[in-house]
Amino acid sequence: MDQLHVRGLVVRENQLGEYDKLLTVITEELGRITVSGKGVRSLKSKHMPATQLFCYSDFVLRQSHGYYYISDSALIESFFHLRMDLNKLALASYLCDIAAEFAVEGVGDEELLRLTLNTLYAISEDRPGSLELVKAAYELRSAAIEGYLPNLDECGVCGVREGKPLRLDIMNGRLLCEDCLRTVRRTADADDEGTAHIYLRLTPAVLEAMRYAVSAPVGRYLSFSLSGDEMPLFASVCEKYLLNHIEHGFYTLEFYKSLL
Ligand SMILES: [Zn+2]
């Protein structure tokens, strides 16, 4: 039987029976895959270290009846410190849920994997930024690389770049100045039937942070700061942007928020 060598991040685990797990793994080679972890919860299992949630590991797999089974495994990075703090653990679980949502079966997505690994590392090692900043930046950046890149350069209608307050038109992923917003609203009122439009007012600092989070090299995309006054708006805009495009919430997000 053919053996497959893949490298991937365990983003979800479902415990089965006494010793088994079903793992969702995002891989460089095959995108999102479901792996049967037979016996991996046994203390005697040689695959136990590589098959924990948040572990980035090499796997040798064989495929049978639509599932992948582990022949061999080697842990590369466990992000150990994520497990030492409940807030970090909860945030990492939510971000991995987002990654699992965006990853596609059979389609390798190195950019998403790289983004997620960098972000888990930042959380685990207390790299720049509060958890709030990390959460918001990941929400926006993951949406941007998965087909929802907002145009944050200028008003999407008249092209004005500065000097006027700008809003984010969430569903259309564009900016609108106050004048164009009025026009857009009049037209929308006339021909839309119940489509929810959300136009969030942005401050210059929040817009600058959003531009940075979507355009900086992935290794440095969290290296910015915002004042305590601006952070709640940044957090709210990024969360709304992601959830409105994914079109559902996450239990892991509710859990993370319940801790705050
Ligand atoms: Zn305009």
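Reply: F54 touches V10, F79, L82, A92, C96 and L120, leaving aside residues up to four places away in sequence, where contact means that the C-beta atoms, placed from the backbone, lie within 7 Å. The model is predicted, so local features need pLDDT of at least 70 and side-chain atom pairs count only at pLDDT 80 or more, while totals for chains, interfaces and linings use all residues. Residues are numbered from 1 along each chain as its sequence is written.

F54 belongs to the largest nonpolar core, which has 69 residues, and together with A99, A137 and L140 touches the most other members. Such a core is a set of buried Ala, Val, Leu, Ile, Met, Phe, Trp, Tyr and Cys residues joined through C-beta atoms within 7 Å; a residue is buried if 20 or more other C-beta atoms lie within 10 Å of its own, exposed if 12 or fewer, and partly exposed in between. The largest share of the core, nine residues, is supplied by α1, helices being DSSP runs of H or I with at least four residues and strands runs of E with at least two, numbered from the N terminus. In the chain as a whole, buried residues account for 38% of the 260 residues.

A137 and L140 are also among the buried residues of α3, a helix in which 12 of the 15 residues are buried. The buried residues of α3 pack against α1 (86-102), α2 (110-124), α5 (204-215) and α6 (231-246). The 15 residues of α3 (residues 131-145) should span 21 Å at 1.5 Å a residue, and the end C-alpha atoms are 21 Å apart, which agrees; the expected span is 1.5 Å times one less than the number of residues. After α3 comes G147, with a positive phi near 105°.

On the α1 side the contact is made by K88, L91, A92, L95, A99 and F102, and on the α2 side by L112, T116, T119, L120 and I123.

Strands β2 (residues 20-27) and β3 (residues 31-37) pair in the antiparallel sense over seven bridges, two strands being paired if DSSP finds at least two bridges between them; the bridge partner of T24 is T34 in β3.

A second, open sheet has four strands in the order β6-β8-β7-β9, again with mixed pairing, and its edge strands are β6 (151-155) and β9 (199-202). Helix α5, against which buried residues of α3 pack, lies across β6, β7 (166-169) and β9, running at about 140° to β6.

Methods:
Two residues are in contact if their C-beta atoms, placed from the backbone, lie within 7 Å. Axes are lines fitted to C-alpha atoms, for helices over the stretch in contact, and angles run from 0 to 180 degrees between N-to-C directions.
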